[in-house]
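Biologist: I am new to reading structures. Could you take me through a few features, one at a time?

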Amino acid sequence: MDAILTAFGIVAEPTTIAVILAASLFGLFVGAIPGLSATMATALLVPITFYMDPVPAIAAIVSCTAMAITAGDIPSVMLRIPGTPASAAYTNEAYAMTRKGQGGLALGICIVASAIGGLFGFAVLAFTAPLLARIALNFSSFEYFWLALLGLSCATLISSGGVMRGSLALLLGLFISTIGMDPLTGSARFTFGSLSLSGGISFIPAMIGMFALSEVLRGGTGSGAAKPMTEIGNPFAGLWSVLVRYRKSLFRGSAFGTVIGALPGAGGDLGAWISYSMSKKFSRTPEKFGTGHPEGLVEAGASNNSALSAAWIPAMVFGIPGDAVTAIAVGVLFMKGLNPGPQLFTENPERIYAVLIVFVIANLLMIPYGYMAVKAARYIFRMPQHLLTGAIMAFCLVGSFAINNTVFDIGIMLALGLLAWFMEAHRFPIAPVILGIVIGPLLEQNFLTSMIIARGDLLAFFERPIAAGLGVLTVVVWASVIIGGYVRGRRQQAQEAEGGRIT
Amino acid sequence: MQIPDLIIGLAFVVGGIALGMASFGMPGLGGQMVGPGLLPTIVAAGFVLFGGGLALQGLKSARVALPPLTVLSWQALRVPTVVIGGLLLYIAVLEPIGFLVATTAYVAAVILVSGGRLVSGLIFAAAITLGIDWVFLNLMGVPLPAGIIG
């Protein structure tokens, strides 16, 4: 109890409060700029944390990341430029809401569902961190392989355009992810002797090209619209009823995101994609998905931030980072003498409790800061269409360039923008391509490792209990789609034959 | 222009075969049945399988009715042409002439072709470019190519 009171005292210090407020504002700013990620915001903060005490240093990272992830939803909702790979899972849905005149509600859902998800993740982190971390550590390459495959399968099967087109889009993404050094031997694949290609295809320029550039091109030909004909209203108007209506989705997304986030390496990206798929699967109105329906947004938004909080579980308990952000944070913890590990909870409990309190503040701050950001961002819709198109292109250029400081990435943005333009014109979904690029390396690494361990015996993929469960679930998902498609086809044939007899 | 599913499906099949051939040629790990070519081979097989399926679907629907060929007019292709052509030029000149000049010119061209006016487009393009450059340089410590101005 003393430790908790001391922790409150540390957090209440003016320096810590000022750091939380400033880092949140910085995260909001960076996250809202298309192409700049939460990881980049965190990395930029590290030099500043050199001069801080341990708790404010970690507080800066926690609050900046939480805010940047949520702020990434703003360009996603308003301009169809996802801020993070996780928000790419529901970018089309959120943008469809904006085009229906519900942009304010979409942003409100993103902000509040993220805050609730983040708090849920925090609660789990506070009470079950050691237990969850132990479970997570039991995951081997077999479980990770199935988890990645399940995520890819779900995203593909629920995508618009049908299984055939969704699968081809996913395979395209997986192919793009294989360009560059292979994870096992380090040999170059499909690089055609190019040094730039040997580093692989960065997903940030890929996302910008596929979502933003393709939208500008579609708008230019009159087959799309770069700017929705609507204004952003109060983001919290009507929000309560949506959250109450989809409370199960909110809980499911938060819980699932926490579990996924606690797995080192899986991170929130996979959580948001699977959550969105689950939301459609369990929905009473799955046909509304993709048309600007808030249900998937609630679940995936909550999953996104709960995973972010939960990613700190393996980071704090075992020093194993859950994602890129916590990898940076683990470095800062070491630098400040707070070596991650079980002893952190016994030797420095007040500092850990202080960090946990910061989680709560950071997630609560999202609501007023998010509201302010939305109010400021609504001026975007008052801009004339041609100026907005110019501004979007300026952000596309700088966002693609800045991630690696290379012109090559602008070329990647252009190439993938053209690909997405072609794909959308021919009813191919583009989200599975992005997921393939993001999750492909995780899938390949774990697949190859498992194959080596199993000496090529595929049955070994079902020998461990959790792996077997995930494997069976993946097979069931695919089987249900194939059987469902076959049954639908037969029914359609029968109806056509029936129609032929009547006429 | 809409390309029929049959053609797209067949393109995936051909691409899959080419990818499969390239993947088979990759060196494996000594004594292991896995190697750098395994995932690309699986992807290639998927291209052939699903591409073939799409081609078959396209063939069936082509029997019912051929989709009308719609060719976009020059007017409709004006914006994409400037956006894409301008980007190719931008990639070529960004480092020699610098971010400020190249981005201002490119953004102004995009605004102009999208229906804006030259003067207001140039002013807006210069303002947004300067703003971005200032934020990256001063707030984030990320210098953008200076080119002829540096």
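Modeller: Bear in mind that this is a predicted model. Start with Phe190(A): its relative accessible area is 13%, and because that is under 20%, Phe190(A) counts as buried.

Biologist: Where is Phe190(A) found?

Modeller: Phe190(A) sits in the loop between strand 2 (188-189) and helix 11 (195-198) of chain A. Phe190(A) is not a glycine, yet has a positive phi of about 50°.

Biologist: Is Arg427(A) buried or exposed?

Modeller: Arg427(A) is exposed, because its relative accessible area of 53% is over 50%. Arg427(A) also lies in a loop, between helix 22 (408-425) and helix 23 (431-454) of chain A. Arg427(A) has a positive phi of about 65°, although it is not a glycine. The side chain of Arg427(A) meets that of Asp5(B) in a salt bridge, at 3.9 Å from N to O.

Biologist: How is the interface of chain B and chain A described in terms of area?

Modeller: The size of an interface is often given as the accessible area lost when the parts come together. Between chain B and chain A about 5100 Å² is buried, and carbon and sulfur atoms give 85% of that area. In contact are 61 residues of chain B and 59 residues of chain A.

Biologist: How many salt bridges and polar contacts cross the interface?

Modeller: The rule finds two salt bridges between chain B and chain A. It also finds three residue pairs in polar contact there, both residues at pLDDT 80 or more. By class, the side of chain B that touches chain A has 47 nonpolar, twelve polar and two charged residues.

Methods. Residues are numbered from 1 along each chain as its sequence is written. Chains are lettered from A and ligands numbered from 1 in the order in which they are written. This is a predicted model: local features need pLDDT of at least 70, side-chain atom pairs count only at pLDDT 80 or more; totals for chains, interfaces and linings use all residues. Side-chain values use heavy atoms; hydrogens and water are left out. Contact means heavy atoms within 4.5 Å. Buried area is the accessible area (1.4 Å probe) that two parts lose on being put together, summed over both. A salt bridge is a side-chain nitrogen of Lys or Arg within 4 Å of a carboxyl oxygen of Asp or Glu. A polar contact is a pair of N or O atoms within 3.5 Å; within protein, one must be able to donate a hydrogen and the other to accept it, and residues adjacent in sequence count only if both atoms are side-chain atoms. Ala, Val, Leu, Ile, Met, Phe, Trp, Tyr, Cys and Pro count as nonpolar, Asp, Glu, Lys and Arg as charged, and the others, Gly among them, as polar. Helices (H or I, at least four residues) and strands (E, at least two) are DSSP runs, numbered from the N terminus. Buried means under 20% relative accessible area, exposed over 50%, partly exposed in between (1.4 Å probe, protein chains only).
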